[in-house]
Amino acid sequence: ALDTFQDTFQTVTNYEVYKSENWWFTSNDRKYPATPNLGWHGRTYGTDAYISIAPYQSTQTEVLAFAGTLLNVKAAANKTLAFQLAIYYQTEDQSKLELVASTDFAGDVTTATWEVVQDLTFPAASTMNEWKDYSVDLSKYADSDKVYVAWRYTGKSNTYRLDNVAFNAEISDEPIVDQTSVSIPFVLDGTKGKEQIDTMDG
């Protein structure tokens, strides 16, 4: 687990699932990650790089997708999680984006206990493509050395961008790599296997 973490996603490949030792990604659409845009995936635009969720092509009625990391909040001097979000397509389909946390996640997002730390859903008629800064206090997990923090998307049409994530760190273009991370088995809708998730060990 990371007590210092930052990522600007400078190494993402456009329309591919982000490969990183520090992130895991899931989607309830079984075509993911083979079809990256059915869950969180890398995007580039000019010199900008970020991860995005835009599952409007899914055949699922509602897509449940996570982009998560593992933090050691107990060891962190600064227990604030900072990041940027932007929305670039919005309808009235009730899509939600939430920052959630779990201390019992073992690979199956459907059986873990997730607490909503902050509702990140943009209000109706939000300005498109405008980055907003967030700073979320995780000190309520101060006694936990393993806190799974995730950006949880529920919906289909509304599309979000995530960038410049930092925990107990300043943003730079060099990502911090956790040398002690471990693989997380993933189970969703009866499917199990590393092919369903970018595990913590890459």
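# Close-up views of a predicted model

**Figure 1. Strand E3 (residues 41-45) and strand E4 run antiparallel, joined by five bridges.** Strands are DSSP runs of E with at least two residues, and helices are runs of H or I with at least four; both are numbered from the N terminus. Two strands count as paired when DSSP finds at least two bridges between them. This is a predicted model, in which local features need pLDDT of at least 70 and side-chain atom pairs pLDDT 80 or more, while totals for chains, interfaces and linings use all residues. Residues are numbered from 1 along each chain as its sequence is written, and side-chain values use heavy atoms, without hydrogens or water.

**Figure 2. Strand E4 (residues 48-53) is largely enclosed by the rest of the structure, because five of its six residues are buried.** Relative accessible area sets the classes: buried is under 20%, exposed is over 50%, and partly exposed is in between (1.4 Å probe, protein chains only). E4 also pairs with strand E11 (residues 159-167). That pairing is antiparallel and has three bridges. Ile 51 has Leu 162 as its bridge partner in E11.

**Figure 3. Strand E5 (residues 63-71) is mostly covered.** Eight of its nine residues are buried. E5 pairs antiparallel with strand E2 (residues 24-27) through four bridges. There, Ser 27 is opposite Ala 65 in E5. E5 also pairs antiparallel with strand E10 (residues 147-155), over nine bridges. In that pairing Val 63 faces Gly 155 of E10.

**Figure 4. The largest pocket holds about 170 Å³ of space.** Its lining has 13 residues, and Gln 90, Thr 91, Glu 92, Ala 124 and Asn 158 are the closest to its centre. Five lining residues are nonpolar, six are polar and two are charged. Here Ala, Val, Leu, Ile, Met, Phe, Trp, Tyr, Cys and Pro count as nonpolar; Asp, Glu, Lys and Arg as charged; the others, Gly among them, as polar. A pocket is an open set of points on a 1 Å grid over the protein atoms alone, where a 1.4 Å probe fits, with protein on both sides within 12 Å along at least five of seven lines; lining residues have an atom within 4 Å of a point. Points are joined across faces, edges and corners, and the volume is the space filled by probe spheres set on them.

**Figure 5. Ala 166 lies in strand E11.** It is buried, with a relative accessible area of 6%. Leaving out residues up to four places away in sequence, Ala 166 touches Phe 5, Gln 6, Thr 80, Leu 81, Ala 82 and Ile 171. A contact means heavy atoms within 4.5 Å. Ala 166 and Asp 7 are 159 residues apart along the chain, yet their C-alpha atoms are separated by 6.5 Å.

**Figure 6. The loop between E2 and E3 holds Lys 31 and Pro 33.** Lys 31 is partly exposed, at 48% relative accessibility. Residues up to four places away aside, it touches Leu 38 and Thr 59. The C-alpha atoms of Lys 31 and Ser 58 are 8.7 Å apart, with 27 residues separating the two along the chain. A cis peptide bond joins Tyr 32 and Pro 33, with omega at about 10°. Most residues other than glycine have a negative phi, and most peptide bonds are trans.

**Figure 7. Phe 9 has a positive phi, near 60°, as does Asn 168, near 55°.** Neither residue is a glycine. Phe 9 is in the loop between strand E1 (5-7) and E2. Phe 9 counts as buried, at 0% relative accessibility. Asn 168 lies in the loop between E11 and strand E12 (187-188).

**Figure 8. The whole protein has zero helices and 13 strands.** Buried residues make up 51% of its 202 residues. Among contacts between residues at least 6 apart in sequence, 78% join residues at least 24 apart. The protein exposes about 9,200 Å², and carbon and sulfur atoms supply 45% of it. Accessible areas come from the Shrake-Rupley method with a 1.4 Å probe; for residues, only the protein chains shown count as cover.
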